[in-house]
Amino acid sequence: MIATISQLIIGITDLAAAFLFLYGLKRMSSPVTAPSGIFVAGIGMLVAIVASFLYVFGVSAAAKPFLPVNIGLALVALVIGGGAAWWSGKKVAMTSMPQMVALYNGMGGGAAGAIAAVELFGGKAQGATPLVVTLIGALIGAISLSGSLIAWAKLDGVIKKPLRFSGQQAVNAVVMLATVAIGGYIVFVALSGAAPVLAVSTLIYLFFGVALLFGILMTLPIGGADMPVVISIYNAATGLAVGLEGLVLQNPALMIAGMVVGAAGTLLTLLMAKAMNRSVANVIFTNFGETTKHSHGSIKGSLKPTAAGDAGIFMRYAAKVIIVPGYGLAVAQGQQKLYEFVKLLQAAGVEVKFAIHPVAGRMPGQMDVLLAEAGVPYDLIFQLEDINDDFADTDVALVIGANDVVNPAARDDKSSPIFGMPILNADKAKKVYVVKRGEGKGYAGIVNALFYADNCEMVYGDAQAVLVKMIEAVRGLGLSAAA
Ligand code: NAP
């Protein structure tokens, strides 16, 4: 009776959790409603976690003696995991967010792999379909785990360069085939009853080992600007793995959460690949972002430094200014000062807009979040396709801490590794100011011809310090912000 009632409650809470996930996701589609969307989806997760404890009422008599220990372990895991997530979420810098996403993603894959391991080692996945589904979930989960850890190491600078060697793709193919072959053999042994050449547990260890190795090998050669797409692919894969393990455990909340993450990750992957004008296969199998290939030998013109104050005053007397924020703005944490400067320009009657490139910064949406943090109104913020035609009619493009996303080589130079990536047409503005600390390259590691163009001047310095000087210069003219 209690088991039946708990089953009913589990069903209802799973439905509620699914609704909250989907509703939360829907709210995340706009920057205005996104914070509450994340909160709603978090409540959904809490509901699903609480519901999973109700499964204790349905356990078999044989499993009952283990209940106190298992519940205790689950609670300890919840406290450690929840505490670590709370602490790291609170203290993470905006610029380190991609690494954190990669880490959490890997943990999701690892969790799916761990569920599969319990099923496989415990011999619970019986019959062809459950066994195959468990193995596929294990494979994808293990690849997501090791691949995401490598992605984290690359983004965090622990691994500094892509590791490439000749015949790498052939090696990867062999490792992948070996994983599939071991998995196939495990299924064959289980279904046919034939004596295995190695103990089944050894085969399972081997299967996981080779799958983990594949994740490492697949991610090591991928470099440069492709990391966001890779993380998004692993995000989709993690969702799929979790969904498959939900199927094995017959746990609807896991199935739904996995499917939602899988679908969202797949869409994000496709959108980002489109923003870089690359196919997903091209991202995984070609070596992009090599820093050595491009020198500035073919670029004409010179770098023309100018003072921050002069640039600020020039913009004060312009009619239209478009600001292109990039990764450097996040590094400098210059968003508050930037908005202060914008308010000064607006008070002087200048029309100011922000142009956001879909892969500006180091994670999708990073610039939107940064500007939202500073309180920049959403109606000043425009995405690439909505603003690109406006540059030609603009007095000043202020490129602040951005580089690759305004590199005209993507448009004009077929030999460039970023050729074909849509860029913001900052170079088409009448005048361009680029704020950066020195001659550092962008993420793709290539020289930017825009900086040498006749209409471009360089304002060297940390973005926040430069903005302080611009504000002082404009204030010195006797104007103050409207608000
Ligand atoms: P970027 O090409 O990486 O260029 C950033 C520039 O900011 C650098 O050239 C650097 O030059 C400057 N900078 C760094 N710190 C600064 C500071 N404190 N003050 C002022 N300037 C500073 O950035 P982006 O134009 O935003 O392009 C993003 C790139 O990252 C793309 O290639 C994209 O594909 C890739 N990516 C994107 C994501 C994503 O999801 N958004 C994730 C990973 C990678 P100095 O050193 O001379 O200052």
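Author: One definition to start: buried means under 20% relative accessible area, exposed means over 50%, and partly exposed lies in between. Also, this is a predicted model.

Reader: Okay. Is Glu351 buried, exposed or partly exposed?

Author: Glu351 has 36% relative accessibility, so it counts as partly exposed.

Reader: And what does Glu351 form a salt bridge with?

Author: With Lys353. The closest N and O atoms are 3.7 Å apart. Lys353 is buried, because its relative accessible area is 19%.

Reader: How many salt bridges does the count come to?

Author: The count comes to 9 salt bridges. One of them joins Asp393 and Lys320, with the closest N and O atoms 2.7 Å apart.

Reader: Where do Asp393 and Lys320 lie?

Author: Asp393 lies in the loop between helix 15 (384–387) and strand 4 (396–400). Lys320 is in strand 1 (residues 320–325). So the pair ties together parts that are 73 residues apart in sequence. Asp393 is partly exposed at 44% relative accessibility, and Lys320 is partly exposed at 27%.

Reader: What does Asp395 meet in a salt bridge?

Author: The side chain of Lys430, at 3.6 Å from N to O. This pair also links distant parts of the chain, 35 residues apart. Asp395 is in the loop between helix 15 and strand 4. Lys430 is in the loop between helix 16 (409–412) and strand 5 (431–436). Lys430 counts as exposed, at 52% relative accessibility.

Reader: Which residues are linked in a network of salt bridges?

Author: Lys337, Glu340 and Arg475.

Reader: New topic: rings. How many aromatic pairs are there?

Author: The count comes to 5 aromatic pairs. Among them, Tyr185 and Phe188 are stacked, 6.2 Å centre to centre with 25° between the planes. Both lie in helix 6 (residues 168–192), 3 residues apart, or about one turn of the helix. Phe207 and Phe208 form an edge-to-face pair, with 5.9 Å between centres and 80° between planes.

Reader: Are Phe207 and Phe208 buried or exposed?

Author: Phe207 is buried, and Phe208 is too.

Reader: Which charged end sits over the ring of Tyr327?

Author: That of Arg362, 3.7 Å from the ring centre. Lys431 lies over the face of Phe314, 5.6 Å from the ring centre.

Reader: Last one. Which residues form the nonpolar surface patch?

Author: Met45, Ile49, Leu75 and Leu78, with about 310 Å² of accessible area together. Helix 2 (34–53) and helix 3 (67–91) each supply at least two of the patch residues.

Notes. Residues numbered from 1 in each chain as written. Predicted model: local features only at pLDDT ≥ 70, side-chain atom pairs only at ≥ 80, totals over all residues. Heavy atoms only, no water. Patch = residues over 30% accessible without salt bridge, like charges linked within 9 Å, V, L, I, M, F, W, Y side chains within 5 Å. Areas by Shrake-Rupley, 256 points an atom, 1.4 Å probe, with all protein chains shown as cover. Salt bridge = Lys/Arg side-chain N within 4 Å of Asp/Glu carboxyl O. Helix = DSSP H or I, 4+ residues; strand = E, 2+ residues; numbered from the N terminus. Phe/Tyr/Trp six-rings, centres within 6.5 Å; stacked < 30°, edge-to-face > 60°. Buried < 20%, exposed > 50% of the residue type's maximum accessible area, 1.4 Å probe, protein only. Lys NZ or Arg CZ within 6 Å of the ring centre and 35° of its normal.
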